Amino acid sequence: MNVLVYLMPLALGLGGLGLAAFLWAMRSGQFEDLDGASWRGIHDPDDERDQV
Amino acid sequence: MDSAVAVAARPDRLDGFLKALDPTTAEIELAVDGIHCAGCIATIEREMGVFPGVVRARLNFTDKRLRVAFRTAQANPTALIGRLSDLGFAAHPFSPIRKDDAADVEQRRLLRALGVAGFAAMNIMLLSVVVWAGHETGLDAVSRDFFHWVSALIALPTAAYSGRIFFDSAIAALKRGRTNMDVPISLGIMLALGMSVIETLNHGEHAYFDGAVMLIFFLLIGRTLDQAMQRRTRAVAANLAALRAESVTKCLPDGSLRDMAADMVQPGDVIVVHPGMRVGLDGVVEHGVSDLDQSLVTGETAHQAVRAGDTVYAGTLNLSGLLRVRVLKPSTGTLLADVERLLAKATEVRGAYVKLADRAAQLYVPFVHATALLTFLGWLAYGLPWSQALVIAITVLIITCPCALGLAIPAVQVVAAGALFRIGVLTNSGDALERLAATDTVVLDKTGTLTLPSSEIANIAALPPELVGRAARLALASRHPLSAPIAALAPGGSPYPTAREAPGEGIRACDHGRVLKLGSVAFCAAETEADRLAERYPDASMVAFSAGDQRIVFAIRQPLRPDAIEAVASLKAAGIAVEILSGDRSRPVAAVAKELGVACWMAGATPAIKVERLHALRADSRHVLMIGDGINDAPALAAANVSMSPVSATHLAQAQADFLLLGQRLSPAAMAIRIAAKAKSLMMQNLWFSVIYNIVAVPIAISGHATPLVAALAMSGSSLVVMLNALRARQTGQT
């Protein structure tokens with residue numbers, strides 16, 4: 001059971017990393033515009049001449 | 001560079017909407033109309049980004065709002081909006097004083113709490129699976145205690161942080177001497193954690209840290225869904241308000257004019273109302289003569305003449321002359337004071353409605369607590385030591401903790417509100433769906449609700465085209481709202497160069513030596529024609545046109561909404577009684593009622609009479625949906641069981657409405673009742689499912705066989721079933 005000594009902190013640390021990432025994403029406004037993000041993803045800047 | 005500075009040195013009319021970021025840069029938020037795709041986002045951000053002086057431009061596609069930061073020395077808001085309009089997007093400034101800030105803070109807090117609870121639930125479940133597996137494979141007691149302690153280390157801070165949302169609400173309810181769903185939730189969480197800590201201290205086999213944290217996690221999902229629905233409604237409603245340009249033009253002491261949001265104007269300020277604009281605030285006319293269209297305020301379609309000293313109300317449309325208005329406190333007007341008094345009373349009546357969730361809680365809480373108490377006493381009588389009996393009683397409380405119940409209603413509300421949004425109905429409050437579902441009587445206002453807010457020419461077919469064409473060209477030069485439908489008959493035409501406005505009368509021009517006049521009936525001396533028309537079109541306003549001695553009269557009226565007849569028919573087909581309750585004169589109301597086939601109508605109804613009629617209907621134990629748009633409808637909207645407003649309605653009416661109709665059509669109202677009925681039945685199904693779940697789970701707990709594994713399976717299983725069932729509310733929108 002000695003593996004627990006480093007596996008437990010590792011597991012918690014990874015989970016904590018995920019939580020920190022979520023809190024960071026929220027603070028930096030990543031959830032403000034969910035629909036916009038999906039549209040921006042499929043937009044190809046090379047297409048711009050077609051739209052003008 | 002010099003020219004750019006010179007441009008901005010002029011104060012801009014929209015400076016009232018700016019938020020200063022630092023001494024040289026400012027930010028403005030614009031509500032933008034007409035954004036549909038990725039191309040729009042790219043175009044707007046690219047073009048605004050290269051605009052001289054702009055530091056940053058970011059479009060929020062979800063809220064359809066554009067935030068632009070710019071150096072005040074080089075750009076101004078009017079120029080930015082002008083550029084957007086060149087690109088084909090209508091944009092309007094958004095008030096920097098945001099009323100939804102508190103709700104935004106609340107939503108962030110919920111999301112953070114949800115994130116923390118999710119993290120904790122995952123990790124504790126990881127440890128719990130080890131412990132459960134260990135029961136079979138023979139995990140040694142020291143390792144099990146270690147896992148329990150680590151779980152406690154995660155669960156206790158999580159409960160303190162994420163659980164506070166429930167604890168606060170439970171304490172608030174208890175202080176008022178009531179109970180709500182959060183009371184058994186808080187009790188369940190605290191008992192589960194307390195018992196688990198004691199069990200761990202005593203090297204016990206079972207700890208419920210996973211159950212407690214999972215409970216918090218699932219319930220927070222329900223809360224977050226609830227908030228998300230309200231947030232979308234707020235965003236759309238606020239954009240609509242901005243896009244309708246509900247700004248007022250304030251007259252500064254130095255005589256210059258500046259546009260700003262109505263809530264930034266103080267009583268005593270002077271505002272200027274141009275012809276064709278709505279009066280933004282209540283006030284007294286200081287200067288100017290004009291006619292006002294009061295239909296949004298009183299429902300009356302006849303126009304009212306105003307001059308200096310008269311009181312004007314927010315929401316009225318200025319028709320002919322420029323007015324300078326000194327703003328009064330919102331409540332000083334007699335009509336409005338009357339409306340507000342009625343409103344306060346009507347809202348009290350509405351307050352008597354108990355939400356489905358609260359009613360369920362009222363039945364649920366005593367039942368669960370009594371069961372736990374009886375379990376404890378029962379096992380004690382059976383001869384178990386009190387500590388063991390207490391453990392079993394607490395497991396009963398944990399397993400009955402209303403996890404599915406907390407999701408049962410918000411999940412359906414969110415899905416149904418989404419279905420309503422797709423048919424063009426915006427939901428203002430969650431419990432409105434429950435109230436809408438029971439509707440058996442619909443009471444409609446006429447002006448602005450059954451009819452469109454824009455006008456049409458009723459007698460166009462009977463008029464000679466040659467004269468109509470010339471009238472249309474003349475109308476192009478006029479800003480009077482009544483001339484708009486006439487001007488629309490000459491698309492691409494050019495106005496007569498000699499056209500000149502005769503204030504308060506109309507417009508005149510010279511064409512090949514003949515005098516052309518368009519305006520009031522008296523201005524064109526067309527009384528005989530007008531009287532004849534007035535008999536056929538009692539609800540129409542008359543606009544006359546004369547060319548030399550030839551005269552025609554246009555009967556201009558607000559047409560019925562395109563699908564008003566269908567909508568009323570489909571309501572009746574669904575077995576719902578329909579009534580018209582209007583503030584207008586009785587002839588126009590009778591005409592509309594006849595066209596729609598509505599037998600029960602009332603005209604000339606003041607706000608008080610409307611409320612009285614609604615009380616009478618409710619006393620008759622009818623469940624009334626009121627649809628109205630005017631200030632005079634606001635008390636009736638509040639007095640009805642449930643209420644709806646078209647999007648063109650006044651602020652006061654919209655504030656009272658549970659639902660907003662977004663388009664021009666009326667039939668979504670009938671569809672909304674169907675969707676609400678389906679949603680209500682799904683809510684009831686979910687509640688019954690929770691009851692069945694308890695019927696199965698409680699005996700297991702009472703008999704002392706509810707291990708943490710059973711509790712975890714039961715809780716997550718029931719929550720999933722309830723959420724999946726809620727998704728079925730989507731389907732109604734499409735059929």
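**Sheet, helices and interface**

Modeller: In strand 20 of chain B, C510(B) has V515(B) as its bridge partner. This is a predicted model, in which local features need pLDDT of at least 70 and side-chain atom pairs count only at pLDDT 80 or more, while totals for chains, interfaces and linings use all residues. Residues are numbered from 1 along each chain as its sequence is written, and chains are lettered from A and ligands numbered from 1 in the order in which they are written.

Biologist: In what sense do strand 19 and strand 20 of chain B pair, and over how many bridges?

Modeller: Strands of a sheet pair through backbone hydrogen bonds, either parallel or antiparallel. Helices (H or I, at least four residues) and strands (E, at least two) are DSSP runs, numbered from the N terminus; two strands pair if DSSP finds at least two bridges between them. Strand 19 (506-511) and strand 20 (514-519) of chain B are antiparallel, with 6 bridges.

Biologist: What is the strand order in the open sheet of chain B?

Modeller: The 6 strands run 17-22-21-20-19-18, with antiparallel pairing. Strand 17 (456-457) and strand 18 (500-502) of chain B each have a single partner strand, so one side of each lacks a neighbour in the sheet.

Biologist: Which strands does helix 18 of chain B lie across?

Modeller: Contact means C-beta atoms, placed from the backbone, within 7 Å. Axes are lines fitted to C-alpha atoms, for helices over the stretch in contact, with angles from 0 to 180 degrees between N-to-C directions. Helix 18 (527-536) of chain B lies across strand 21 and strand 22 of chain B, at about 30° to strand 22.

Biologist: How many residues does each chain give to the contact?

Modeller: Chain A gives 21 residues and chain B gives 21. Helix 1 of chain A gives the most to the chain A side, with 9 residues.

Methods:
Two residues are in contact if their C-beta atoms, placed from the backbone, lie within 7 Å.
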